[in-house]
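Dear colleague,

Please find below the structure that I am handing over to you.

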Amino acid sequence: MIPLTTKLGKYFTLGEMLKTDRTLLQQTNIDKCTPQIVENLRSLVTNVLDPLREKIGRIKVTSGYRCPALNKAVGGSSTSQHMVGEAADLKAVNVTNAQLFEAIKSLNLPFDQLIWEHGTATNPDWVHVSFTKRNRKQILYVGLKK
């Protein structure tokens with residue numbers, strides 16, 4: 001296993017892309033991370049997350065790679081791109097999550113999916129972004145509160 005301190009791009013480490021709030025599954029998540037998943041995470045970081053950070057400043061990754069057990073524990077989709085290291089859930093640090101979402105769109109970053117997750121019509125609770133070779137530029141709004 002590569003050290004968790006390994007930089008996947010200019011700003012983000014492997015450890016940041018593997019962390020989870022589910023501490024009981026943290027080691028399982030790390031153990032299930034394959035070299036292909038690391039490469040997928042590196043592509044996500046270099047093509048989307050690093051350029052985004054260059055433009056808007058610090059971003060907090062709340063969920064990157066999730067092994068199947070962790071994905072199930074957090075209620076993730078059975079086809080989640082998190083399970084192959086192609087997706088990250090983000091929260092803004094110095095701007096709103098809505099501004100983070102709009103920045104990804106306006107910077108024309110090569111994303112596959114951009115999802116406004118939960119929250120309200122004016123600000124999501126977090127932003128999901130993924131990167132693959134197909135990059136459909138699909139924009140979704142999920143679970144908005146009334």
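The strands concerned, β2 and β4 (residues 126–130), pair in the antiparallel sense over four bridges; two strands are said to pair if DSSP finds at least two bridges between them.

This is a predicted model, in which local features need pLDDT of at least 70, side-chain atom pairs count only at pLDDT 80 or more, and totals for chains, interfaces and linings use all residues. Residues are numbered from 1 along each chain as its sequence is written, and side-chain values use heavy atoms, with hydrogens and water left out.

Strand β2 also pairs with β1 (residues 59–63), again antiparallel and through four bridges, and here K60 is found opposite K91 in β2. Five of the six residues of β2 (residues 87–92) are buried, so this strand is largely enclosed by the rest of the structure. Buried means under 20% relative accessible area, exposed over 50%, and partly exposed in between (1.4 Å probe, protein chains only).

As to the overall architecture, the protein contains five helices and five strands, in the order α-α-α-β-α-β-α-β-β-β along the sequence. Helices (H or I, at least four residues) and strands (E, at least two) are DSSP runs, numbered from the N terminus. The C-alpha trace spans about 40 × 30 × 30 Å along its principal axes. Of the 146 residues, 44% are buried. Among contacts with a separation of 6 or more, 67% are between residues 24 or more positions apart, a contact being heavy atoms within 4.5 Å.

Most residues other than glycine have a negative phi. H118, in the loop between β3 (113–117) and β4, has a positive phi near 55 degrees and is partly exposed, at 29% relative accessible area. N135, in the loop between β4 and β5, likewise is not a glycine and has a positive phi of about 35 degrees; N135 counts as buried, with 18% relative accessibility.

Finally, L144 lies in the segment after β5 (138–142) and is partly exposed, with a relative accessible area of 39%.

Yours sincerely
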